[in-house]
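Please read them with the structure open beside you.

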Amino acid sequence: MSDPTFDSKSASFLEWFKKWPGATFHPNIEIQDLRGKGAGRGIVATADIPEDTVLFTIPRTAIISTETSDLPRRIPQVFETTGLEDADNEADEDGSETSGPPDNWASLILIMIYEYLQGDSSRWRPYLDVLPNQFETLMWWSDHELVELQASSIVSKIGKDEADGMFRAKVLPVVEEHTHVFYPEGSEKLTEDQLMTLAHRMGSTIMAYAFDLENDDEEADHENDDEWIEDKEGILMMGMVPMADILNADAEFNAHVNHGEDSLTVTTLRPIPAGAEVLNYYGPLGNGELLRRYGYVTDRHARHDVTEISWDLMLSVLKETLVLNEETWGKAINELDLEEIEDAFVIERDSGEPDSQGQIHSDAVFKELPSDLIEQIHTLLKAIRKISPATIPDKAMRDEMTLLAVHRALELRLAQYSTDQAHDLYLLSGNEVSGRQKKAVMVRWGEKVLLREAIEFTQEKLLKVQSKAGQESEPYAKRQRTR
């Protein structure tokens, strides 16, 4: 059923967009209401469109950024001082870096708050009207809803407390000190709680919709010529790009945003048939990260799913497997350089890359254990061998011990989830869940599938190592003794 208010806002936005000098919008596409598919607005082809067709052009003057908004010119002292800067200018969307976010992240939040508070006076009002005021990103989930993610490591990356701290340190004070700038004359000022909610809303909007504003005409990084550009790497100016952010995205896609000196263009990568949605690409993100940043999950992004295994878990398994006395174990741990120790390791597949037309032609396959994990285990085992040579007499024993420990740690990591893979698949295939719960189940199910693949891979590799060493009849686990 059509929603007159929703459709009216879309129509007003399109009319506003077309009035920008230099803006174009192809006659064979239209903005559609895709909320029935859980996708909000989207852009759909109304007729067959050939490859390499420019679908729309966004002049850089239409982008909301520090270069186009009036705010930096009204309070230049805020944007010129180091109060909003970070020395390495590397952004983290949740604001979790101890030195605070860089100027492009905090500045864009301030600008979005400013433009929102201007109401009809903002030249971006029709655009702001089509941006969401409700979000599915994990920042907005209740504790009860987050429980559905079970042992997913994505829960630890939400960063709500860090974001709260950043807003209170870098956003609220600027607004409160310059109320005459942020609030139009006669308008009602927001309470602190209301301003915090607005800051979270704008932060979530930026995380989900902002682009890094690279320039294709500038000198390219030739080492990365074959890589797709991902948004928000934190090294370029960020901006809100009208129309480009109406595009939804998937792991297989059919359009690409090209950055020019005066404008951005969205071009088809392959023919798009009538009725098909125009899709952008957010990068090789697993469903957990996709949900954290953008608030949705897809079947195609499951190939990029990842999970993590902690070093603490790995240490407990190694200690149990080796059966060392406390003195020997303590000496070995003290040999490690704590500054070089990684706290967690990413478990992932070789998921392949999309071709020049946005398509993927290979299966995602688990091919190797994290090299940094193996290296760190070997470092610890080397320290143990130095203290107790009989424990790990040679490289063959080291390799077998490493795989035994990793295999056990992966099993324990999988056991941290409160339901098994089969139960989650039943919930998904039988449509037993919906909404946020379904998204959470998709995330945790995908991680369990990945862990099971990693366990089977490690088991096969362990058997090969044991076979090569001629130890099948008496594997390491049977030769353990208290030392």
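1. A contact, as the word is used throughout, means heavy atoms within 4.5 Å. Among the contacts in the chain between residues at least 6 apart in sequence, 74% join residues at least 24 apart. Of the 483 residues of the chain, 52% count as buried, where buried means under 20% relative accessible area, exposed means over 50%, and partly exposed lies in between (1.4 Å probe, protein chains only).

2. This is a predicted model, in which local features need a pLDDT of at least 70 and side-chain atom pairs count only at pLDDT 80 or more, while totals for chains, interfaces and linings use all residues. Residues are numbered from 1 along each chain as its sequence is written, and side-chain values use heavy atoms, with hydrogens and water left out.

3. On confidence, pLDDT (the predictor's confidence in each residue, from 0 to 100) averages 89 for the chain, and 88% of the residues score at least 70. Residues 85-102 stay under 50, and for them the model has 46 contacts beyond four places in sequence. Over residues 216-234 the pLDDT is likewise below 50, and this stretch has 37 contacts in the model beyond near neighbours in sequence.

4. The chain has 17 helices and 12 strands, taken as DSSP runs numbered from the N terminus (helices H or I, at least four residues; strands E, at least two).

5. Which residues does phenylalanine 56 touch, leaving aside its neighbours within four places in sequence? Its partners include Thr24, Phe25, Ile29, Ile43, Met243, Ala244 and Leu247, as well as Leu264, Thr265 and Val266.

6. Threonine 68 sits in the loop between strand E4 (54-59) and helix H2 (71-74), and it is buried, with a relative accessible area of 12%. Its side chain reaches the backbone nitrogen of serine 65 at 3.0 Å. Not counting residues up to four places away in sequence, threonine 68 touches Arg60, Thr61, Ile63, Arg73, Arg123 and Trp124.

7. Helix H10 (residues 287-294) is largely enclosed by the rest of the structure, because eight of its eight residues are buried. The cover over these buried residues includes helix H9 (192-209) and H16. Just after H10, glycine 295 takes a positive phi of about 85°.

8. Helix H15 (residues 421-429) packs against helix H16 (residues 435-468) at an angle of about 140°, with the axes 9 Å apart; axes are lines fitted to C-alpha atoms, for helices over the stretch in contact, and angles run from 0 to 180 degrees between N-to-C directions. Among the residues that meet are Leu425 and Leu428 in H15 and Trp445 and Val449 in H16.

9. Arginine 385, found in helix H13 (residues 371-387), counts as partly exposed at 40% relative accessibility. A polar atom of its side chain lies 3.2 Å from the backbone oxygen of isoleucine 392. The C-alpha atoms of arginine 385 and alanine 332, 53 residues apart along the chain, are separated by 8.8 Å.

Key
A polar contact is a pair of N or O atoms within 3.5 Å; within protein, one must be able to donate a hydrogen and the other to accept it, and residues adjacent in sequence count only if both atoms are side-chain atoms.
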